[in-house]
Amino acid sequence: MGLGGTLEYLSEKLGGGHEHKKKKKKQLQTVELKVRMDCEGCELKVKKAMSSLKGVKSVEINMKQQKVTVVGYVEPNKVLKKAQGTGKKAEIWPYVPYNLVSQPYVPGTYDKKAPPGYVRKVEDVTVSSQTSSSKQEDQFTEMFNDENPNACSVM
């Protein structure tokens, strides 16, 4: 420890030194939003608003999918609030690629408004919905059961 290091150590101990508050450095993130845009004017308005955020490195807009991708040292909630501040309906991108979902046609997952190749991001099917679907299957099997006097008979 040299003379400079000794002086810094002593000044910190005696309270005469400057306290440096360490800020937690934000990580580079990609934030994807679904923003309702109707025309090129809407696109420019959203792009300008997103670019004005501190820490933004790039903004990409896909009008066909209504998708805005912001890359930078930003927080997703701040990006969402800024997008909503433009007066446009905005939400965090709710879709995932079709091949990442085990059951893409389960109610709540399949969305007609989703871009091609995407389905809505939902949690895995819960046990209660699996049991209710098995109960429904039992109803269908009972409907055509030979032992049931009220069953349909297909000939």
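A disulfide is taken here as a pair of cysteine sulfur atoms within 2.5 Å. By this criterion the structure, which is a predicted model, holds zero disulfides. Cys 39 takes part in no disulfide, and the cysteine sulfur nearest to that of Cys 39 belongs to Cys 42, at 3.6 Å.

The strands S1 to S4 were examined next. Four strands form an open sheet in the order S2-S3-S1-S4, and their pairing is antiparallel. Strand S2 (56-62) and strand S4 (90-92) stand at the edges; each has a single partner strand, so one side of each is left without a neighbour in the sheet. From one strand to the next, the twist averages 25°. The antiparallel pairing of S2 with strand S3 (residues 67-72) extends over six bridges. Val 59 stands opposite Val 70 of S3.

Two helices are placed against these strands. Helix H2 (residues 40-51) lies across strand S1 (29-35), S2 and S3, and runs at about 160° to S2. Helix H3 (residues 76-84) also packs on the sheet, where S1, S3 and S4 are touched; the direction of H3 makes about 30° with that of S1.

Lys 121 was considered separately. This residue is found in the loop that lies between strand S6 (118-120) and helix H4 (127-143). With a relative accessibility of 52%, Lys 121 counts as exposed, because the threshold for that class is over 50%. When neighbours within four places in sequence are left aside, Lys 121 is in contact with Trp 93, Pro 94, Tyr 95 and Val 96. Asp 111 is 10 residues from Lys 121 along the chain, and the C-alpha atoms of the two residues are separated by 9.9 Å.

Key
Residues numbered from 1 in each chain as written. Predicted model: local features only at pLDDT ≥ 70, side-chain atom pairs only at ≥ 80, totals over all residues. Heavy atoms only, no water. Buried < 20%, exposed > 50% of the residue type's maximum accessible area, 1.4 Å probe, protein only. Contact = heavy atoms within 4.5 Å. Pairing = 2+ DSSP bridges. Axes fitted to C-alpha atoms, helices over the stretch in contact; angles between N-to-C directions.
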